[in-house]
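Here's a quick tour of a protein and the ligand that sits with it.

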Amino acid sequence: MSPEPVIAIDRVNHYYGKGHLRKQILFEVTANIYPGEIVFMTGPSGSGKTTLLTLIGALRSTQEGSLQVLGRELRNAPSRELVKVRRDVGYIFQAHNLLHSLTARQNVQMALDLHPEIPSAVVYERSCEVLKNVGLGDHIHQYPHNLSGGQKQRVAIARALVSQPKIVLADEPTAALDKQSGRDVVEIMQRLAKQQGCTILIVTHDNRILDVADRVINMEDGHLTALDAVPA
Ligand code: ADP
Ligand code: MG
């Protein structure tokens, strides 16, 4: 008995551009990702990894095929459905995307703006708590320019995890980091994921960290080859 996948991708095609400029980027991409898995996606630059990640995160509309995230079909979904999916997903970008005028805590707290149901005292406390969890207990009130690259990326992780998302999508989170900081960052993600029971999909070129993965899938020219990428 296998559990329902949290992410079910079935023959997804994606195109950019219109008319004669229209270009196919993803080809019949098919994969299932199961609860609690840590899956890494590798593949050359320009192969379509970020495109797929933004489709899964409901940041872009699914054009062809079927994409189900947490049991919701994203193709042809109304925008309020997409907003619900975004609320259940934590996103970590390559560049940490912190706001420079906000402290670490304020950056983390922003992620809870999508959750008006959480009282503000809880928001404050939880933001501090998750920063402690990523080892930044002494830097809660620092501004990003006072933090190292690895520390900034840890703030970004804290921001992605503070809402206790069911899925975390990370796009080359260690690209700008040295070897040790890169490892620390994925190990923190792994630990917090296990604690919170969330599923993680990490895009990476970094083969120094692949051993953290439960499973590795590979994107090449818009084709996903993977253990469970069932041919259509
Ligand atoms: P990767 O993350 O693997 O480097 P991307 O998904 O970013 O790949 O890009 C895949 C292809 O789609 C590339 O050829 C890129 O130039 C093109 N592309 C990405 N985003 C856009 C866009 N918004 N408009 C047009 N083409 C794009
Ligand atoms: Mg990319």
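**What holds the ligand?**

Gly46 has a polar backbone atom 2.7 Å from an oxygen atom of ligand 1, a polar contact (a pair of N or O atoms within 3.5 Å; within protein, one must be able to donate a hydrogen and the other to accept it, and residues adjacent in sequence count only if both atoms are side-chain atoms). Keep in mind that this is a predicted model, where local features need pLDDT of at least 70, side-chain atom pairs count only at pLDDT 80 or more, and totals for chains, interfaces and linings use all residues. Residues are numbered from 1 along each chain as its sequence is written, chains are lettered from A and ligands numbered from 1 in the order in which they are written, and side-chain values use heavy atoms, leaving out hydrogens and water.

**Around ligand 1**

- On its own, ligand 1 exposes 560 Å², and the protein buries 59% of that (areas by the Shrake-Rupley method with a 1.4 Å probe; for residues, only the protein chains shown count as cover).
- The residues surrounding ligand 1 (a heavy atom within 4 Å) include Tyr16, Ile25, Pro44 and Ser45.
- Helix α1 (residues 49-56) gives the most to this shell, with three residues; helices (H or I, at least four residues) and strands (E, at least two) are DSSP runs, numbered from the N terminus.

**Nonpolar cores**

- The largest nonpolar core has 38 residues, of which Leu131, Ile157 and Met189 touch the most other members; a core is a set of buried Ala, Val, Leu, Ile, Met, Phe, Trp, Tyr and Cys residues joined through side-chain atoms within 4.5 Å.
- Elements giving two or more residues to this core include β3 (38-42), α4 (120-133) and α6 (179-196).
- Leaving aside neighbours within four places in sequence, Met189 is in contact (heavy atoms within 4.5 Å) with Ile92, Ile157, Val168, Ala170, Ile200 and Ile202.
- Another core lies apart from it, with 31 residues, among them Ile7 and Leu52.

**Two loop residues**

- Asp88 sits in the loop between α2 (79-87) and β6 (89-92).
- Is Asp88 buried or exposed? Asp88 is buried, at 16% relative accessible area (buried is under 20%, exposed over 50%, partly exposed in between; 1.4 Å probe, protein chains only).
- Thr103, in the loop between β6 and α3, counts as buried because its relative accessibility is 7%.
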